[in-house]
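Subject: Model handover

Hello,

Here is the model for your files. Please open it alongside this note; my findings follow below.

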Amino acid sequence: MPQPTDPPETKSNGNEGDLRVIGRPRRRVDARAKVTGQTRFADDISLPRMAHCKLLRSPHPHARIRSIDISRAAAYPGVYLVLTGKDLPIEYGILPVSQDEQALCLDHVRHVGDPVAAVIAREELIAFEGLDLIQVDYELLTTISDPEEALATPTPRIHDYGDEGNIHKRVALEFGNVDQGFAEADEIFEDTFFYQGSTHLPIEQHASVATKDPDGKLTIWTSTQTPHYLHRALAKVLEMPPAHIRVIATPNGGGFGGKSDPFNHEIVVAKAALLLDRPVKICLTREEVFYCHRGRHPVLMNFKTGVKKDGSLTAMHLQTLIDGGAYGSYGVASTFYTGALQTTTYHVPRYRFQGCRTFTNKPPCGPKRGHGTVQPRFGQEVQLDKIAEKLQIDPADLRLRIAESSNRVTANFFRLSTVNLAECIRRIVKSSGWRDKFRKLPEGRGIGLACSAYLTGAGLPIYWNKMPHSGVQLKFDRGGGVTLFCGATEIGQGSDDVLASIVAEVLGLDTFDIRLYTGDTDLGPVDLGSYSSRVTIMAGNAALQAAERAKSLLAEAVAERVGVPPERLRFAGKRVFDSAAPENSVTFQEAVCLAEARFGTIGTVGSYTPPKSAALYKGGGVGPSPTYSYTAAVVEVAVNPVTGWITVPKIWIAHDIGRALNPTLVRGQIEGSVYMGLGEALMEEQEFRRLPKKLSHALVHKFPSILEYKSPTSLDMPEVFTELVEEPDPQGPFGAKEVGQGPLLPIMPAVANAVYDAVGVRIDEVPITPEKIMKALAEKKAGRAPRFGPSHFPHVDWPEALRVPPPWEGGDGNAINDAPRRAKPAPQRTPEKDKVLSS
Amino acid sequence: MVTISPASQRTAQLRFTLNGEQTDVSFAPYKTLLEVLREDLNHTGTKHGCELGECGACAVLLDGKPVLSCLLLALECSGRDVLTVEGLGSDGQLHPLQEAFADLGAAQCGYCTPAILVTAKALLDQNPHPTRDQIREALSGNLCRCTGYLQIFEAVEAAVLEIASHNKSA
């Protein structure tokens, strides 16, 4: 077993009483703007001479475009410009391996809602009317509605790339001798699960405003979580130097992963603004937001798990069949993610993963909160509940026996830093009264438990390079002002507050003393974006480094003035003082002036690059993280046995966060995750249906509206009891780990397990609806298996697995049947980082 | 077949009270109150999430009652009193609801917040001491995807106490 690395030694392990900002519940820095309606979202921006853009979208799920006639639209009074695919032919996409989108489809539409033309006009209504005047001649193609159809229908191909036919990506990885592991098991469990797709449903519809600057450059304000990647896509498609493009990510009115791709509408308004030399705005309708999608992939899963009588796992074999929708999006990463984190919660000594993503003629799936790990987490946690019952072990105790612990390396070579999963389990067992309730509540009431782990930032960038993942610049002015510049994007999660709190803590200021310029590719150094729960650790560590550097400059200058060594100086209460004689002090403003007199203009930078991964095999780029968060949850349900109606009165949740930088925001992230998880557990589904044959037989979204796409309201939200487990993690700024995504993961399986405890039926898919419960109850009554869920996993021609011996079998992180990919990584911590953390 | 609409013609006139101020505006007659507020009066504090009356993000108070401004023609508001988030504070001070929402994490992305604030104000104007269930009920037409609602309920309750103690001292 790998030994613990260096002992934790962050400054956060110092005197807790010294912290004045970090760890205190605080008003976030951008709160006033939000409660006065002054936060400027993309659609709130209006510029002189601004034109409006609307997109003509395909009514067909799969068709060739024979011809497009735009002449009538172009001649319509008030229409300034009509664009089609030939105006923007260069393909783009979020991942380098799937550059498969065109801003406007050139000759092939792949889902209902795929854009084929754009009308830019004086008024939005004229643009709408102009759409009706465009004539598109389509040749309809066979439509593929789900992965099984995709496997059986290699032609027509939705894309002319991918592994084969309509298979986008197939992967197979094997860590250790899995068959041997099954041979050593006392019991083998095999279960099939289905996780339905769902969408992000941010209340803000995507909007963008582009303009040609007076100097001829391009600026776009847009609701994006990833300004840096949009910057890349715009440079590519518009064939412009990146230095002539400025992307400003406006605060997002909710993202949840749904604004992480570069979008066709962003590229279209950018092109139109350049051509027209006037600002162009687009704001999607809610129906169009459903077509943008990039939400949760529907995933069919097969879990085969071998266990000893004591509950320890001997081997696991997971297969996933993934409905990708019409484009690549993040799909290759999503595919690997469905197999990545099975090993980070519980000790799995031998592990085989096979995943297959297919294209289908539906809006593309992508990253939604918990990206790709949510679906298999559901399967794994429900199966553990079944295993516990069969082995007659309490589900909480089973998990305590197999929970991972700190400073280990998993079978698939992910380095775990702090792991407090067991403590999370102990907390919720206690707070929920688990021992008195499990299998003891009256019929119709039940309680269920589940756990999870999640990345604190993806260890590798989308475009592999050696540059930092995040950078921060600080500027100090003679008035004592501190201005922070960073590419990090505020999507409601509080990234601005994280940055401000870290700088304020180090420099002894108040968060409201700091001015922030974030999410702007012109003003701030690159931050890769608000995805993979990476902002707190990556931008936060960059801010910490920049602030520490500034502190040492200021301290050196102040030390001269007050006549004490710099290390005796403290920064607090907007003053810099001698810790031995606090009255010997200067104000922070005076400190800045002294430093400027001594060194010239004061500005510092900080940056962050994650530690190198130990997973060197192909595919090992997805899943490594500097550290992982852990969560355990207990859900209580009441199920009406006559109607199947489920209510959730209370949820207990404990989250291993390392350290809460602002407990008010942390609680909000946890409760928001619980809420979104409950939506997925009980009601949310991105469902499609075919129109009748005599109509178009098209595959259409069943309900692209907020009214029909059910999500929980204030009346549905249960009481939530939240506990934080805080052991500062050496990787995080002040010890912080992620909180934005992990707490969602245990909710769906905990609901399923609670339903079983309540009425004795297994619902092996989400959403868990009254209809499915009634069907399972009918099965139970008829003496058949009391279950609702998928019955089989279709045949897939899997490639030969890359065989990677786990660490305890002498593996070095490379596959033994593949050429070594990279040299053995350097030691995890660099001297520079040690210096910053210990200063 | 479409006909050329008077889309750009601001042929309609409206006089109404917006956040306590007499306001005159010319606009295209088909526009909703939401559109006139945001596009013709530059009051962008009121948001939209569907423009179909489904999400609640566009709620404003019309003569003190919450209405969905996306379902209301601006022309229907002649002579009436409209309150938006921009009019919630007074004398340079935030409304106690705004203070509580800011302090207690009730606004995450802030997009649904303006509508929830004015809806909560309407509740408190009518019922100064609502129960948790009455708050839930009053806000059930306002979707929030970020918070899970609990910190919103707590902020409303905190504002109730603040308003009560202020009234007592006054």
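This is a predicted model: local features need pLDDT of at least 70, side-chain atom pairs count only at pLDDT 80 or more; totals for chains, interfaces and linings use all residues.

Helix H18 (residues 663-682) and helix H19 (residues 747-759) of chain A pack with their axes 8 Å apart, at an angle of about 50 degrees. Helices here are DSSP runs of H or I of at least four residues, strands are E runs of at least two, and both are numbered from the N terminus. Axes are lines fitted to C-alpha atoms, for helices over the stretch in contact; angles run from 0 to 180 degrees between N-to-C directions. That angle makes H18(A) oblique to H19(A). (Under 35 degrees counts as roughly parallel, over 145 as roughly antiparallel, 65 to 115 as roughly perpendicular, and the rest as oblique.)

H18(A) brings A:Val674, A:Gly677, A:Leu678, A:Glu680, A:Ala681 and A:Leu682 to the contact, and H19(A) brings A:Ile747, A:Met748 and A:Val751. Contact requires C-beta atoms, placed from the backbone, within 7 Å. By class, the residues of this contact are 7 nonpolar, 1 polar and 1 charged. Nonpolar covers Ala, Val, Leu, Ile, Met, Phe, Trp, Tyr, Cys and Pro; charged covers Asp, Glu, Lys and Arg; the others, Gly among them, are polar.

Next, the domains of chain A. There are domain 1 (11-35 + 467-608), domain 2 (51-141 + 203-254 + 259-292) and domain 3 (299-460 + 617-788). Bounds come from an automatic or database domain assignment. The C-alpha centres of domain 1 and domain 3 of chain A are 37 Å apart. Their contact takes 23 residues from domain 1 and 25 residues from domain 3. On the domain 1 side, H15 (495-507) and H16 (535-562) of chain A each supply at least two residues. H16(A) gives the most, with 6 residues. That side divides into 8 nonpolar, 11 polar and 4 charged residues.

Chain B has domain 1 (12-85) and domain 2 (96-169). Their C-alpha centres lie 22 Å apart. Here 16 residues of domain 1 of chain B touch 13 residues of domain 2 of chain B. Strands E3 (59-62) and E4 (65-68) of chain B each give two or more residues to the domain 1 side. E3(B) has the largest share, 3 residues. The domain 1 side holds 9 nonpolar, 5 polar and 2 charged residues.

On conventions: residues are numbered from 1 along each chain as its sequence is written, and chains are lettered from A and ligands numbered from 1 in the order written. Local features need pLDDT of at least 70 and side-chain atom pairs count only at pLDDT 80 or more, while totals for chains, interfaces and linings use all residues.

Best wishes

Terms used. Two residues are in contact if their C-beta atoms, placed from the backbone, lie within 7 Å.
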